[in-house]
Amino acid sequence: MDKGPTVEAVPTYTKPCPSTLALQTALRSGNETKPTDFILLGFFPEFKYISAMVSIILLIYMATFTGNTLLILLIWLYSHLHTPMYFLLSQLSLMDLTLTSSIIPKMAANFFSGWRSISFLACGTQIFFSLTVAIAECILITLMCFDRYVAICDPLRYPAIINLRVCLQMIAMSWVGGALTSLGHTAFTLHFNICSPREIPHFFCEVMAVLRIVCEDISAYEKAVVITSILVLLLPLSLILSSYVLIFLAVLRVNSPEGRNKALATCSSHLCVVGLYFGPGLCIYMRPGSAKTPKLNQGLFLFGTVLTPLLNPLAYSLRNKEVLSALKKLMGRCQSSR
């Protein structure tokens, strides 16, 4: 039986609803948006025992936090430590706490969570705070050297020259100088065009590591980094070494063996701290081709951000009878209160 000619269905056009159009437009624009987040590759990816290494770093961080906090507490509690030297030392411990706390917790969180992304704002914040504290520490250590120079070479005028107002000016100079210098370098570093996939070969956002993934000529800015390094590292270190030559000459003229030993103990502790702070900085920022050796830089930064803040309170407390006596008093007070 003939069914007759078949009629093909005519396709009809269905107008998409406005919400669908908006969603498609948003997705299209989202795909075209340039990514701003960074990826932190971490340190030593070929190292087999990285979990053990991160665990050790966390233990050192907790010891650093405890040691520096305890040193600040002792200086604040006991009146015989209310001197300019210990006041400046408490600020150095505070800077150590700020530096290590701005880097280590984020690094550990990224490692254990597997989330290596860091936002543009967080990266800029990390660069700013780490640079601010590092530069402020260099300035403060230089000023602490001036404090020791006056105390040993001109002890009679020491109370008039180094007083509370001068100490506050030293601290303000350190923080403001570090913040202003860091602000300029942070802004310049992050305004460059970054190559995809925006992977930073480091365990935190650091200037030299970010510069390695920049897609434009940065030779002029690299000269600015060298000039800043000379002003922040080389010039202060030269002043410190020159001051200590005069200090040691003055110590040799001291008649009392006890006074000579006390002065040498204080100065040797300060020189240890000088080496711990300035050594890694000189190798990272003033060594030719430093940006091309990321593994060495990571090792130096691990030393500077993990070990140096731990060794700083040890250098001043283990060789200082006044700090040890304050620590014994605090432990005795804690035991008697039980």
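**Exercise 1.** Is cysteine 215 buried, partly exposed or exposed?

*Solution.* Begin with the cut-offs: buried means under 20% relative accessible area, exposed means over 50%, and partly exposed lies in between, with a 1.4 Å probe and protein chains only. Cysteine 215 has a relative accessible area of 43%, so cysteine 215 is partly exposed. Cysteine 195, at 28% relative accessibility, also counts as partly exposed.

A note on the model: this is a predicted model, in which local features need pLDDT of at least 70 and side-chain atom pairs count only at pLDDT 80 or more, while totals for chains, interfaces and linings use all residues. Residues are numbered from 1 along each chain as its sequence is written, and side-chain values use heavy atoms, with hydrogens and water left out.

**Exercise 2.** Find the disulfides of the structure and state which parts of the chain each of them links.

*Solution.* A disulfide is here a pair of cysteine sulfur atoms within 2.5 Å, and the structure holds 2 of them. In one, cysteine 123 is joined to cysteine 205, with an S to S distance of 2.1 Å. Cysteine 123 lies in helix α5 and cysteine 205 in the loop between β3 and α8 (207-211), so this pair ties together parts that are 82 residues apart in sequence. Helices (H or I, at least four residues) and strands (E, at least two) are DSSP runs, numbered from the N terminus. Both cysteine 123 and cysteine 205 are buried.

The sulfur atoms of cysteine 195 and cysteine 215 are 1.7 Å apart, and these residues form a disulfide too. Here cysteine 195 sits in the loop between α7 (164-190) and β3, and cysteine 215 in the loop between α8 and α9 (219-252), 20 residues apart. Counting bonded cysteines along the chain, the pattern is 1-3, 2-4.

**Exercise 3.** Describe the sheet, and then follow isoleucine 200 from the sheet into the nonpolar core.

*Solution.* Two strands pair if DSSP finds at least two bridges between them. The open sheet has 3 strands in the order β2-β1-β3, with mixed pairing, and its edge strands are β2 (117-118) and β3 (199-200), each of which pairs on one side only. Strand β1 (residues 38-40) pairs with β2 in the antiparallel sense over 2 bridges, and isoleucine 39 stands opposite serine 117 in β2.

Next comes the core, a set of buried Ala, Val, Leu, Ile, Met, Phe, Trp, Tyr and Cys residues joined through side-chain atoms within 4.5 Å. The largest nonpolar core has 87 residues, and those with the most contacts inside it are Ile200 and Phe278. Helix α5 (residues 120-153) gives the most to this core, with 14 residues. Finally, with contact meaning heavy atoms within 4.5 Å, and not counting residues up to four places away in sequence, isoleucine 200 touches residues including Ile39, Cys123 and Cys205.
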